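My entries follow in the order in which I made them.

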Amino acid sequence: MSLRVVLYAEGPGEDRGEDVWLPEPGELLPPDSLGAAHHLVARVIASVHTIPTAAIRFVSPLRLQGRPHRGSDLLLTRNLRRLLTFASPPRRPDLAVVMVDEDEQPSRRKDLVASTQDLPLRSVVAVPVREFEAWLIGDHASVRSLLGVTGSPPAPETMARREAKRLLTNWMEAAIAADSSQRAEPRTVQQLRAHLAQQCDLTTLERLAAFQQFREDLRHRLREHSSP
Amino acid sequence: MIRQLQIANFRCLRSVTLNLEPLTVFVGANASGKSSVFAALMTSRFVWFRIEDIWQRQQGLTSDIQATDERGGHFRRGFGVNGFGEATTTFPEPMVLQLDPQAIRTSSQLEPMHRLSPNGAGMVNVFASLPRSTRDEVAHHYCDLVPMFADIDARPAGGGAHRMVFQDRWRPEIWYEPNEVSDGSMLLLAFLLLPYQSPAPDIVAIEEPERGLHPYLMGQLIGALRKLANGELGPRPVQVLLATHSAELLEFVEPREVRFFHRSKGSGETVVEQAPVDDPSWLKSLREYDDSLGDLWLSGGLGGVPGR
């Protein structure tokens, strides 16, 4: 048994890596096309469902008039609905995950769910507060071990908009700078983000309300998927 | 009219069954096999075959091309590199056009010519060979679509040759030479001559008819080709096959008329799909795209798009 999932996230650092030349929409994404959000979503799915992480297959997303989607497309009802409409049944995934930053718009998740819930493709909307990076730095132990960060940052969901992004960027830059004196091949930003997504402790992230909501929504949707 | 075409072991077409309409549009990535279907139709004119024409260049294989027409007639061409095997005596006669604007522009020695050549060379002879009233009809239709011109004509170019000329709408004394006229305008004239060919082919297959054409003209072109396919233009219906990369062109055809080509990731063979118009969710999908088949195709959700 496998689960085919399409993920739409806002930035190339989250969902596509640096390679924007992807397989045809609906085809499986190769491992090097997976970004931090793919890794985290796969782990969350595996944590709420019996399916193992290895059986979760991400497929290439749809395009809009031939171009890859932009973050702003996910906030436009018309474009988001199009991105969730796979016209050919064999290409249709089992589940879509839409991940957009909250950006101090408290009703964002509710609005996006309302605008897409009648579509045939089952979808879950994840809205990290304020942004996805808050989830990547939510488990400080993994941040410490992967990036060598000392001290304790404020609670991720209390940070101002872009603060988590800024902190993570600074920490990754420092880690890469340290790598260049300690490693033959310094890690890249994409690698560091992916490692954080793969190693963070999900139980710790459960303390974040938005993450908890995402996990609950996934659990609910996947229960529907399992039922006949 | 061919209703169904089955092609086996020909170039990248290992095993393809195509249901065809009076007007059928092929879309797909570059090198997805659209042109190979056209080439397969042309095998009725092949004198010999090359190993390059056989699936994966496998010596022992035999290519097989079968067609069924709307009356149940069956046509077949089977061949290997050593020559023909089984073949029916007749096969619907195709005309495959890869029109080259430069070839169309070239002056030609004056001679009767009633059909376009594959690249359009000698088009001026086809035009000049038409009866006067038909030439006027073509000129009128052409100038309606390209209103910068008031008339077109074939004029001597010296040495027994002649070429097309195009009259300026605002300065009637000015006649433009072919090299002053755009590619799209030259190609459009060739398309307008299709219904007047004699004898008419059974099938006209056109590569990238959208080249150089303004999107506004696409509807006019498809309208004319549809009339050709239905027999409203010309002495009898001529089946039309188009290979295109144009999303705009798809706005003027029905979803059931489109075939989506891609190559199998596993074997490399061409796979042809149709829009799932009988699927209950199909209409909803199209509605999400504001009934735009072009946009829906560009989404990639129907196939027929390139990818890694």
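**Entry 1: a serine in chain A**

I found the backbone oxygen of A:Leu112 at 3.0 Å from a polar atom of the A:Ser115 side chain. I count a polar contact as a pair of N or O atoms within 3.5 Å; within protein, one must be able to donate a hydrogen and the other to accept it, and residues adjacent in sequence count only if both atoms are side-chain atoms. I note that the model is predicted, that local features need pLDDT of at least 70 and side-chain atom pairs pLDDT 80 or more, and that totals for chains, interfaces and linings use all residues. Residues are numbered from 1 along each chain as its sequence is written, chains are lettered from A and ligands numbered from 1 in the order in which they are written, and side-chain values use heavy atoms, with hydrogens and water left out.

I placed A:Ser115 in helix H4 (residues 108–116) of chain A; helices (H or I, at least four residues) and strands (E, at least two) are DSSP runs, numbered from the N terminus. A:Ser115 is buried, at a relative accessible area of 14% (buried is under 20%, exposed over 50%, partly exposed in between; 1.4 Å probe, protein chains only). Leaving aside residues up to four places away in sequence, I listed A:Thr77 and A:Arg81 as touching A:Ser115 (contact means heavy atoms within 4.5 Å).

**Entry 2: a threonine in chain B**

I looked up B:Thr270 in strand E15 (residues 270–274) of chain B. B:Thr270 is buried, with a relative accessible area of 1%. A polar atom of its side chain lies 2.8 Å from the backbone oxygen of B:Ser32. Not counting residues up to four places away in sequence, B:Thr270 touches, among others, B:Cys12, B:Gly33 and B:Phe261.

**Entry 3: two helices of chain B**

I recorded helix H4 (residues 132–145) and helix H5 (residues 183–193) of chain B as packing at about 140°, with axes 10 Å apart. Axes are lines fitted to C-alpha atoms, for helices over the stretch in contact, and angles run from 0 to 180 degrees between N-to-C directions. H4(B) is therefore oblique to H5(B) (under 35 degrees is roughly parallel, over 145 roughly antiparallel, 65 to 115 roughly perpendicular, the rest oblique). Residues of H4(B) in the contact include B:Val138 and B:Leu145, and those of H5(B) include B:Met186 and B:Leu192. I also noted that 10 of the 11 residues of H5(B) are buried.
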